[in-house]
Amino acid sequence: MGRVTERRKVIRIRDGAVSTRPDTLVAEEPLEIRLNGKPLAITMRTPGDDFALAAGFLVSEGVLAEASDLRNIVYCAGATADGSNTYNVVDVTTAPGVTVPDITLERNVYTTSSCGLCGKASLDAVRTTTRHPIADTPPLRVTPELLAGLPDRLRAAQRVFDRTGGLHAAALFDEHGELLDVREDVGRHNAVDKLVGRALQNGGLPLSRTVLMVSGRASFELAQKAAMAGIPVLAAVSAPSSLAVDLAAETGMTLVGFLRGSSMNVYAGEERIALRAAAVRA
């Protein structure tokens, strides 16, 4: 299997002094996802947790919703002309009775490390009906103080970032702020897919009493992936997009952006934030 990091020689310039040294870079390789033997999608990812990545991707596509929907995931041997296995092609086999999309040239999705839904034809096509509507009963309640501590906890759990500085991360926390899982990837959407895919494999969907913390911005694709997994709270250190806010409001999700230190903006679902009695000024 591919390595998570690779070494490259660089010329380092510091205050006019020039030296040559090795540098550690995050690995980026393509992963082709096949569904029941037919090509479905290609994503650029950091090798590792490939089966979880494929499973999570299919959750966000509305194909898988629970562990029993999944029969098997395997690497495809003979992926190259000489018959060797590159570990860059996986085939997902669904259980009998699981409805799968029509796989045509128009349906094939090509995803990059910056956009997980670039192949979608329209907004309506992206708003896949989830089998895990957000339903945290009793309602989840988190304090601003709890949220404020999540970015540092996420950063502390990023093992590969410390060596490369080039990875996004996504982490799941419970309602008390305890870290449940964390995944890293060159693509922020891949990191979320890996989290969701592991939860599906472990029979943990829906994630109805969790907080999803992401290291970058909160795009529509990340909000959609959270909604498909039944996650009630999405928090990001950077800005959300307008469509992410719209989707959060439509699905009943709490969306927090610009989570830095004790400061944050709540864009939707403010009822889950346990604010003090002080009046909220307009």
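1. Let's start with a charged pair: Arg 198 and Asp 181 meet through their side chains in a salt bridge, at 3.1 Å from N to O. This pair links distant parts of the chain, since Arg 198 belongs to helix H5 (residues 188–201) and Asp 181 to strand E9, with the two 17 residues apart. Please keep in mind that the model is a predicted one. Arg 198 has a relative accessible area of 28%, so Arg 198 is partly exposed. Asp 181, at 15%, counts as buried because the cut-off for that class is under 20%.

2. Strand E9 holds another charged residue worth a look. Arg 183 forms a salt bridge with Asp 49, and their closest N and O atoms are 2.8 Å apart. Here, too, distant parts of the chain are linked: Arg 183 is in strand E9, while Asp 49 is in the loop between strand E4 (38–45) and helix H1 (50–60), 134 residues apart. Arg 183 counts as buried at 17% relative accessibility, whereas Asp 49 counts as partly exposed at 29%.

3. Over the whole structure, a search finds 13 salt bridges.

4. A further salt bridge is formed by Asp 69 with Arg 131, where the closest N and O atoms are 3.3 Å apart. Asp 69 sits in the loop between H1 and strand E5 (70–75), and Arg 131 in the loop between helix H2 (123–126) and helix H3 (144–156); the pair is 62 residues apart and links distant parts of the chain. With 7% relative accessibility, Asp 69 counts as buried, while Arg 131, at 47%, counts as partly exposed.

5. Back to E9, now as part of a sheet. Six strands make an open sheet with mixed pairing, in the order E9-E8-E10-E11-E12-E13. Its edge strands are E9 (179–185) and E13 (263–268), each of which pairs on one side only. From one strand to the next, the twist averages 20°.

6. Within that sheet, strand E11 (residues 233–236) pairs with strand E12 (residues 254–260) in the parallel sense, over three bridges. Leu 234 has Leu 255 in E12 as its bridge partner. Helix H7 (residues 242–251) lies across E12 and E13, and runs at about 60° to E13.

7. E3 is mostly covered, with five of its seven residues buried. E3 and E4 run antiparallel and are joined by seven bridges, with Glu 29 opposite Arg 45 in E4. Two residues lie between the strands of this hairpin, and Asn 36 takes a positive phi near 50° there. E3 is also joined to strand E6 (residues 89–94) by four bridges, and these two run parallel. Glu 32 stands opposite Val 89 in E6.

8. Finally, which residues form a nonpolar patch on the surface? They are Ile 11, Ile 13 and Val 18, which together have about 330 Å² of accessible area. Val 18 is in strand E2 (residues 17–26). Its relative accessibility is 59%, so Val 18 counts as exposed, the cut-off being over 50%.

Note on methods
Residues are numbered from 1 along each chain as its sequence is written. This is a predicted model: local features need pLDDT of at least 70, side-chain atom pairs count only at pLDDT 80 or more; totals for chains, interfaces and linings use all residues. Side-chain values use heavy atoms; hydrogens and water are left out. Patches are made of residues with over 30% relative accessible area and no salt bridge: like charges are joined within 9 Å, nonpolar side chains (Val, Leu, Ile, Met, Phe, Trp, Tyr) within 5 Å. Accessible areas come from the Shrake-Rupley method with a 1.4 Å probe; for residues, only the protein chains shown count as cover. A salt bridge is a side-chain nitrogen of Lys or Arg within 4 Å of a carboxyl oxygen of Asp or Glu. Buried means under 20% relative accessible area, exposed over 50%, partly exposed in between (1.4 Å probe, protein chains only). Two strands pair if DSSP finds at least two bridges between them. Axes are lines fitted to C-alpha atoms, for helices over the stretch in contact, and angles run from 0 to 180 degrees between N-to-C directions. Contact means heavy atoms within 4.5 Å.
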